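Subject: Structure for you to look at

Hello,

Here is the structure for your files, with notes on what came out of it below. Please open it alongside this message.

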Amino acid sequence: MSVKELLRSHTSVRKYTGEEIPKEKIIDLIQTAQMAASSHFVQAYSVILVTDEEKKQKLGELSNNEFQFQTAGAALLFCVDFKRLEVAGRKHGVDITVDTAENVLVGVVDVAIFAQNFVIAAESEGYGICYIGGARNNPEAISELFNLPEHVFPLFAMTVGKPTKKNETKPRLPVEAVLHENGYDVDKYDEILDEYDAIMERYYASRSSNQKVSNWTKQMADFLIDQRRPHIKEFLASKGFTWK
């Protein structure tokens, strides 16, 4: 499979065979992921490999995804990390500036690119994955569970393993919806989104499992009608990110 074919075949996996992934393999995948681009080379990420069964179960509970963790071959927690950069600064007598919105963005982007490199490497070897943003449901409890210090916070968890089956790929937005030329064009969305809704309605009705009657715009309207995870701002402040 070519790299392009691999990328186009991605699906989220929520049920695995239970086959354990050797620690050496996880380390190899992480070393591959580390070659990701990083803003100013700060590498503001850390990842927790969860091998303790009680902690793995607890992470699943706190993320509201217990089922995935029961069958996954490996469980990971991806974190924004400025603690290591603090240590680097102290080696040169410098107190680094962590408390800025820009640094939060830098850290989040660094983690996301690093994690996606990990995903591509894992999928190239026949593993499946699922990002678990539910780790942000209880970030304080998860931080305590894994002894995350100030200036380190969990961004998302991830399950990895051998899939029990290959799911159908979910149709993405038409390229015309995300590609703008020489300027942003909002006027095209009504027609494009009507067409996309029809595509998603057919997909949801005909897929092999979890069939339902829905479309993309309805899902997004229901998803975004209320503020989600309002505790995040206060939690980040407790971790030392209190920018104005």
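Ala 44 touches Cys 79, Val 80, Asp 81, Phe 82, Leu 85, Gly 107, Asp 110 and Val 111, leaving aside residues up to four places away in sequence; contact means heavy atoms within 4.5 Å. Between Ala 44 and Val 80 there are 5.9 Å in space, C-alpha to C-alpha, although the two are 36 residues apart in sequence. Ala 44 lies in the loop between α2 (23-33) and β1. Ala 44 counts as buried because its relative accessibility is 0% (buried is under 20% relative accessible area, exposed over 50%, partly exposed in between, with a 1.4 Å probe and protein chains only). Helices (H or I, at least four residues) and strands (E, at least two) are DSSP runs, numbered from the N terminus.

This is a predicted model, in which local features need pLDDT of at least 70 and side-chain atom pairs count only at pLDDT 80 or more, while totals for chains, interfaces and linings use all residues. Residues are numbered from 1 along each chain as its sequence is written, and side-chain values use heavy atoms, with hydrogens and water left out.

Next, the sheet. Four strands form an open sheet in the order β1-β2-β4-β3, with antiparallel pairing (two strands pair if DSSP finds at least two bridges between them). At the edges are β1 (45-49) and β3 (128-132), each pairing on one side only. From one strand to the next the twist averages 25°; axes are lines fitted to C-alpha atoms, for helices over the stretch in contact, and angles run from 0 to 180 degrees between N-to-C directions. β1 and β2 (residues 74-81) run antiparallel and are joined by five bridges, and Val 47 stands opposite Phe 78 in β2. Helix α5 (residues 83-90) lies across β1, β2 and β4 (152-161), at about 45° to β2.

Two loop positions remain. Thr 100 is in the loop between α5 and α6 (101-124), and with a relative accessible area of 23% Thr 100 is partly exposed. Thr 100 and Thr 242 are 142 residues apart in sequence but 7.6 Å apart in space, C-alpha to C-alpha. Leu 179 sits in the loop between α8 (175-178) and α9 (189-206), and counts as exposed because its relative accessibility is 54%.

Regards
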